Amino acid sequence: SLSFGKSSKVNTICDAFLEVLKARASTNLQNIITAHVCKSPPALDDGLLLVAQLMKQDASMADKAVEHICFLADVNKLYDNALGLYDLDLALLVAQQSQKDPREYLPFMHNLQQMTELRRRFSIDDHLGRHSKALVHLHSLDAFTELQKYTQKHFLYQSALSLYRYNPTEHAILTSLYAQHLESKSIFKEAALAYESLSNYPKATACYLSSGPSSWRETLFCALSQTPPITGPALTDLATSLYDALVESKDYFSAGTIQLQYLSSLHNACRAFCKGYHFADALHLVALRNEPLLLEEVIDPGLGDAFASSTDLLAECKAQLLAQVPRIRE
């Protein structure tokens, strides 16, 4: 906050000078440029725009102005900023003032001059690393094939999708590229959502499955939404693998639901419910299906196991208290 306060004070003072000096610009050129450059952060673009204006009005004044701004600021940064304003004459003037080797910038400048306006802007923004801006120019150029490659190269999927949000065909192609990228980075849940939005249910099923057992509902939805849907042994294998993963992650209620709905095992469903202490659900299921034998075969042993686990836990807690409390008192 302290640096922010200092920055604000500096900028306020510079703006005050600029307000007064704009009426006396002809005799305070260096002071005006100094006020721009001394801001925090330096307002290099404003100083360069002043130089560009002078280039159209008074060449000798422009030379003095560019000499002064190059004295105050990093010349390489000024060159990049001048390019960023898409003003080749200004960039050339700064480059000449910087004593750069002409072989470093003249071929690049010459190539830019041969281009159309939009292509030139794209090349400049690409050169400066302003990839999101460069992508917008490719969109304006209607160079969709090139835009796809550029998006993949610089990971600009969100920006590209936003640009083509009203173009269903192109948006779908970009979404597919984004899904492939997410999958390659093991970001499976988001990849699955992207594939699902494209109705690519086989890929969505695989990605949901890879994202972990918590996505078991989404996995089964996409598996059943395929054309044709997964059925028979394939569905049984998928449900079994999800059941095993859910048991391993101790989500016993979901595991029991899969046993009941997809594997047709009331016995294993009740066992899973009891394992997760969902005894009310297990009892309700037994009554609903009129299977009183399960009370003796599954629920009573489940209650016994739960009681034993609780007793062991309490005994362990009691032992720790007996061991630790005296030491704390000492």
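The crossing of helices H2 and H3 is left-handed, meaning that the near helix is turned anticlockwise from the far one by less than a right angle. Helices here are DSSP runs of H or I with at least four residues, numbered from the N terminus.

Before going on, this is a predicted model, in which local features need pLDDT of at least 70 and side-chain atom pairs count only at pLDDT 80 or more, while totals for chains, interfaces and linings use all residues. Residues are numbered from 1 along each chain as its sequence is written, and side-chain values use heavy atoms, with hydrogens and water left out.

Back to the pair. H2 covers residues 29-37 and H3 residues 44-57; their axes come within 7 Å and cross at roughly 150 degrees. The axes are lines fitted to C-alpha atoms over the stretch in contact, with angles from 0 to 180 degrees between N-to-C directions. That makes H2 roughly antiparallel to H3, a term for angles over 145 degrees.

Which residues of H2 make the contact? They are Leu-29, Ile-32, Ile-33, His-36 and Val-37. On H3 the partners are Leu-44, Asp-46, Gly-47, Leu-50 and Leu-54. Contact means heavy atoms within 4.5 Å.

Next, the largest nonpolar core. It has 30 residues, and Ile-69, Leu-78, Tyr-79, Leu-83 and Val-94 touch the most other members. Such a core is a set of buried Ala, Val, Leu, Ile, Met, Phe, Trp, Tyr and Cys residues joined through side-chain atoms within 4.5 Å, buried being under 20% relative accessible area with a 1.4 Å probe, protein chains only. H2 and H3 are among the elements giving two or more residues, but H6 gives the largest share, six residues.

Conventions. Angles under 35 degrees count as roughly parallel, over 145 as roughly antiparallel, 65 to 115 as roughly perpendicular and the rest as oblique. Buried means under 20% relative accessible area, exposed over 50%, partly exposed in between (1.4 Å probe, protein chains only).
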